Amino acid sequence: MNSYQNRGGRNYRRGGKQRGGAKNIMSEVSAELDEGAASDDAADAPTRRQYSQKNGRRQNQKASNQGGRQGADTAKKEQPIPLYKQIRGSGAKLEEPEEEAIIAAPPENAAEDKNRYRVMSDYWFEDENDAVASASSQEPVERVDIVGVRFKDEDGSKVYYFAPMGYKCPVGTRVIVETARGIEYGYVAIANKSEPKSSLVAPLRPVVRIATEADTERHKSGVSFASEAMVVCAARIAKHGLDMKLIDAEYAFDGSKLTFYFSAEGRVDFRELVKDLASVFHTRIELRQIGIRDEAKMLGGIGICGRPFCCSTFLYDFNKVSIEMAKEQGLSLNTAKISGACGRLMCCLRYEADSYAEEIKRTPRVGNVVKTPDGVGTVTESQPLTGKIKVKVGANDDAPIREFMRDDVTVLAAKGKSADKKAKEQPKAAEGDENVELPPED
């Protein structure tokens, strides 16, 4: 019995690789099983029954697979041969159709947004990348209502954002706001408006209330008290012999703190002074050392231009100013002429720095060799803002100097920072090496 099973199993697997082999083998195995059934033991009956059921399922599954393949082959035969294959096989050329091809109508908004849709011969479709970009650009931006408040009734005082908490605050309204230093009295400089939440610095502190007459009187009394405290503090500074200059004083709206601002060349040990002032005013004393530019901002004054200091009128913050800005603008490099009352470089040097930097990139530098309508020459003077340059036409020392617009000339050999940097980066030629170019000599 086992020999029949092993033989049938091997033949069945071999027949699975060849179409129709399994069916013949199974019929042969069944015949042999019938012939040897009389001599089999009764204990082998369950084994024969299990084997027959298993191979019967395999035979049915194989027959169904063959039927599926036959159906697929029939479907392929019924499909018409494409036109291009017919033409390719016959060698004929494709003739143009007499009737015009019908193109489906585009969406209604396709004419308004032609970049998002592409025309094909049979249909319109929307580009996936453009659709995603368009959807992301249309996402709503979360906005927050704010008001701008300054704590000094001066144009140059810095403006801080607060949450209005439902209050309508026109410009000039007096409000009581909550700050990191406590409750403060301020002036509205920017009326209610909405700003993107991402552009604000969290947390946004609230407006407590619109200031009342009592709040205004309390603020005025605090300002007068701070003026009196400055006189007392100046006397105590002289008493202790400290090398410091008293600038200003502020008294908190809730009366919890009295702040003095001073300037000094170095660090000052004012611990004894703080104890002395605390015994006089019976409140918390705070001394802050400020820089020379902040001193000019607080005190104010008239600049060399005849106008009030920019920092005390409209500049909220101090930006970086360098001597390079004065050089690019063609100003004198004498520090006495380009410095403000604070002794630092004037803040106005930065106002036109970006415009000069942009125009200098477009204007040939002094020393560049350029080609002009009158010939080749060297730039002797350039005016970036006006776009005018003066060129010494010719190589002679007595060559005439003529004026041209920068758009009328072509730079042949650049000379300046970029050219010097490029020359330094260029490798030096070794002796006998003719493939390496040496930088041009001046």
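Modeller: Please note at the outset that the model is predicted. As to accessibility, a residue is called exposed when its relative accessible area is over 50%, buried when under 20%, and partly exposed in between. H282 has a relative accessibility of 69%, and therefore counts as exposed.

Colleague: Is S256 exposed or only partly exposed?

Modeller: The cut-off for exposed is over 50%. S256 has a relative accessible area of 37%, so it is classed as partly exposed. S256 sits in the loop between β8 and β9. Setting aside residues up to four places away in sequence, S256 touches T283 and R284. A further relation is that of S256 to I183: the two are 73 residues apart in sequence, yet their C-alpha atoms are 9.8 Å apart in space.

Colleague: How is C305 to be read in these terms, and in which loop is it found?

Modeller: C305 belongs to the loop between α8 (292-299) and α9 (323-328). Its relative accessibility is 61%, which means that C305 counts as exposed. From C305 to G340 there are 35 residues in sequence and 10.0 Å in space, C-alpha to C-alpha.

Colleague: Let us turn to helix packing. At what angle do α6 and α7 cross?

Modeller: The axes of helix α6 (residues 213-240) and helix α7 (residues 271-281) come within 10 Å and cross at roughly 140°. In hand, the crossing of α6 and α7 is right-handed.

Colleague: Which residues form the contact between α6 and α7?

Modeller: On the side of α6 they are F225, A229, V232, C233, R236, I237, K239 and H240, and these meet E272, L273, D276, L277, V280 and F281 of α7. By type, the contact of α6 with α7 comprises nine nonpolar residues, one polar and four charged.

Colleague: What is the general idea behind a nonpolar core?

Modeller: In soluble globular proteins, nonpolar side chains tend to be buried together. Here the largest nonpolar core has 16 residues, and those with the most contacts inside it are M244, F260, L277, F281, I285 and L287. Two or more residues each are given to this core by α6, β8 (245-251), β9 (257-263), α7 and β10 (284-289). The largest share, four residues, comes from α6.

Colleague: What does I285 contact beyond its neighbours within four places in sequence?

Modeller: I285 is in contact with L258, F260, V274, L277 and A278. Apart from the core of 16 residues lies another, of nine residues, among them F162, V175, V177 and V207.

Terms used:
Residues are numbered from 1 along each chain as its sequence is written. This is a predicted model: local features need pLDDT of at least 70, side-chain atom pairs count only at pLDDT 80 or more; totals for chains, interfaces and linings use all residues. Side-chain values use heavy atoms; hydrogens and water are left out. Axes are lines fitted to C-alpha atoms, for helices over the stretch in contact, and angles run from 0 to 180 degrees between N-to-C directions. A crossing is left-handed if the near helix is turned anticlockwise from the far one by less than a right angle, and right-handed if clockwise. Contact means heavy atoms within 4.5 Å. Ala, Val, Leu, Ile, Met, Phe, Trp, Tyr, Cys and Pro count as nonpolar, Asp, Glu, Lys and Arg as charged, and the others, Gly among them, as polar. A nonpolar core is a set of buried Ala, Val, Leu, Ile, Met, Phe, Trp, Tyr and Cys residues joined through side-chain atoms within 4.5 Å. Buried means under 20% relative accessible area, exposed over 50%, partly exposed in between (1.4 Å probe, protein chains only).
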